[in-house]
Amino acid sequence: MRIPAIAAALLLASCTTATVPPQAATPLADAGEWTSDGRDYSAQRYSPLTQITAQNVSQLGLAWYDDLATYRGVEATPLYADGVLYNTLPWNITIAYDARTGERLWTYDPKVPREYGRYACCEPVSRGLAMHEGKIIIATLDGRLIALDRASGEPVWTSRAFPEDTTYAYSITGAPRVFDGKVVIGQSGGDMGVRGFAAAFDADTGEKLWKFYLTPNPEDRADGEASDSVNAMMRATWADEGLWRQLGGGANPWDSFAYDPKLNLVYVGTGNSVPHSRFYRSNNEGDNLFVCSIVALDADSGEYRWHYQMNPGEEWDWTCTQSMIQADLEIDGRQRKVLIQAPKNGFFYVLDRETGEFISAEAHVFQNWNAGFDADGRPVTRESVRYTETPVLVAPGPGGAHNWFPMAFSPRTGLAYFPAYQSAFPYAVMPGWTPAPLRSNSGWGATGEEAVRIQGDLFAEAAQYEKAWLTAWDPVKQEAAWRVELPRHGNGGVFVTASDLVFEGTTRQTFAAFDARTGEELWSYPTQSAPVAGGITYMLDGVQYVAVNAGWGGGAAQIERGAGTELPRSAARLLVFKLGGTAQLPTLPPQASAPPEPPRLRANEATVERGRALFAQTCALCHGQNAIGGVKDLRHMDRATHDKFADIVLGGIYLDKGMASFADILSDDDAEAIHSYIIARANEDWGR
């Protein structure tokens, strides 16, 4: 059930917040700068700037904007220093702007091979950049680390995060981080098949410093890396037999890292398992370390220090790669140095960041997987959510209660702010499933008349849970202080200021400011595309600016399009605001008419069913489950596109758009079967 937008905040019963002591200084950025993904080492996305206030935010207007010439998702948090704004787009195209005027100073295109779009589950996005002294550092989709001269945009050094000839489906969509002169990066690809690792490189030279694998060596041998000391501990939590040996096991840190300079610890948030089904991955055995965990490593050596696993034996596509924020809180009368996170599984966690000790966790959405925590903080997983060939409904669903969209924390209010998504999903083991190279490898799927019927009923039940909102969460009391309901999944990242303003892009296709203490919406600007990225604020010539990328896309957009909810929108833009700004966006063209009528279906049912299975394995990641939505809704192809379907899928004529040839894994008959399935789906849904 979709919910309408609600303009006013819904205050919950308790709005009081804990007393928060002054936070530890992390002087990575001056007050007016934003030089790393989370602004400083605390990653609080908290700015001390106060020129824009609750009293004058209504005067915020557009200072300048830049058309980014893409309809793909733009998920990057821009960076700012010394009068220059730095931004990165899909395919890692990186641009430097005069932050006063929006004039482009330089553009660098690393020319990522477009076939790597096949390995990006949720579009070839980039979530940001890193800055180190005179360099801007990018991590490309195809695994390169490139340091650019900040003044000219010319490459200074190039290194590789993973080899070009790897057998795993590695890619990079997360932002690199620089911690004390070290570039730390992970990788994406966990839905297809990777062996996750974190690695550090010298920010001055690109030389590799250390590497830590997050699943055991599949050949039961040493890797010669920092993780060797705990390889036996990891290995003991995996079955002797299982497809983890072939597909790597997952646990890839595809987005969030954190760093405490006083403790000299790097915190790695790890991803989901692969294949998703534990039945196929690890014979339904073991915790499968380090999937869906936070792992603390020595920043200098990469050696293991501690871990906490949110979901032992994860098999629901839940990740712990979401924002990890450091804060110093008074809990039960005691000062605690904590790490806070709201991962996909629906809980908000507070951990001791020195020892990894579990302090507390509480659900912030409806969930049915957890029956509590034992004395050591280990979650008690209900056996009812360990699915078999008979579908069961599990909440949250694979989209997660909080995905990659950045979270913020205010030391003034003591509250964390993040977009939440309440959902559920019917999971089932697909009987007789075998993995396919470089494709989605879940092991999920209902087959047989009875299982499909049950799954259909559960999808209808799941729809009743679906809601989205902006949450203000008290990590001490472990309860919501307020929430603002929003229309659908995909509301953007958050930042907060010392004038108690929370900024967030919304699926109303607006960029909005909320009162950090009450949730009241104080200002809203129509952006013509939903801003999913995290915004920033900076000070230049005594003027406070606010910047955000408005580019609807990525995984959330694919889910929403898959539910049939799409809005007319502009191409992506970088939007920059200031008090009294007077720039205007061009008028949005009217929504196009109904999609073209599809061709008649001439294939038999057996061909359509074969095409359905091939589509699910090969195409659904980019083009939506059941051929609904995705980057391009294939039900809405025109006749000319249908006529050249084989040339697109096998001939690679749209490689420049990121649609590579699949001739290496699909035959002519395979492509014809997929096309028949798409035609069948188009005829089923046309005119709805």
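Visitor: Which residue in strand 9 does A130 stand opposite?
Guide: This is a predicted model, in which local features need pLDDT of at least 70, side-chain atom pairs count only at pLDDT 80 or more, and totals for chains, interfaces and linings use all residues. Residues are numbered from 1 along each chain as its sequence is written, and side-chain values use heavy atoms, with hydrogens and water left out. Strand 8 and strand 9 run antiparallel and are joined by three bridges. In strand 9, the residue opposite A130 is I137.

Visitor: Which residue in the turn between strand 8 and strand 9 has a positive phi?
Guide: Strands (E, at least two residues) and helices (H or I, at least four) are DSSP runs, numbered from the N terminus. Strand 8 and strand 9 form a hairpin with two residues between them. The residue in that turn with a positive phi, about 50°, is E133.

Visitor: In what order do the four strands of this open sheet stand?
Guide: Two strands pair if DSSP finds at least two bridges between them. Strand 8 (130-132) and strand 11 (155-160) have a single partner strand each, so they stand at the edges, with one side left without a neighbour in the sheet. The twist averages 20° from one strand to the next, where axes are lines fitted to C-alpha atoms, for helices over the stretch in contact, and angles run from 0 to 180 degrees between N-to-C directions. The pairing is antiparallel, and the order is 8-9-10-11.

Visitor: Which residue in strand 10 is the bridge partner of K135?
Guide: Strand 9 (residues 135-139) and strand 10 (residues 144-149) run antiparallel and share five bridges. The partner of K135 is D149.

Visitor: How many of the five residues of strand 9 are buried?
Guide: Buried means under 20% relative accessible area, exposed over 50%, and partly exposed in between (1.4 Å probe, protein chains only). In a regular strand the side chains alternate between the two faces of the sheet. In strand 9, K135, I137 and A139 are buried on one side, and I136 and I138 on the other. Of the five residues, the number buried is five.

Visitor: Which residue is the bridge partner of V84 in strand 6?
Guide: Another open sheet has four strands in the order 4-5-6-7, with antiparallel pairing. Its edge strands are strand 4 (79-81) and strand 7 (104-108), each of which pairs on one side only. Strand 5 (residues 84-88) and strand 6 (residues 94-98) are joined by five bridges. The partner of V84 is D98.

Visitor: Is R386 buried or exposed?
Guide: R386 lies in the loop between strand 27 (379-381) and strand 28 (392-394). Its contacts (heavy atoms within 4.5 Å) include R278, P312 and W316, not counting residues up to four places away in sequence. The relative accessibility of R386 is 16%, so the residue counts as buried.

Visitor: With which side chain does the side chain of R386 make a polar contact at 3.1 Å?
Guide: A polar contact is a pair of N or O atoms within 3.5 Å; within protein, one must be able to donate a hydrogen and the other to accept it, and residues adjacent in sequence count only if both atoms are side-chain atoms. A polar atom of the R386 side chain lies 2.7 Å from the backbone oxygen of G313. The side chain in contact at 3.1 Å is that of E315.

Visitor: Is the disulfide of C121 and C122 left-handed or right-handed?
Guide: A disulfide is a pair of cysteine sulfur atoms within 2.5 Å, and the whole structure holds one. The sulfur atoms of C121 and C122 are 2.4 Å apart. The torsion about the S-S bond is about -80°, so the disulfide is left-handed.

Visitor: Is the pair of Y116 and Y119 stacked or edge-to-face?
Guide: Rings of Phe, Tyr and Trp (its six-membered ring) pair if their centres lie within 6.5 Å; planes under 30 degrees apart count as stacked, over 60 as edge-to-face and the rest as tilted. The structure holds 47 aromatic pairs. The rings of Y116 and Y119 have centres 5.1 Å apart and planes at 85°, so the pair is edge-to-face.
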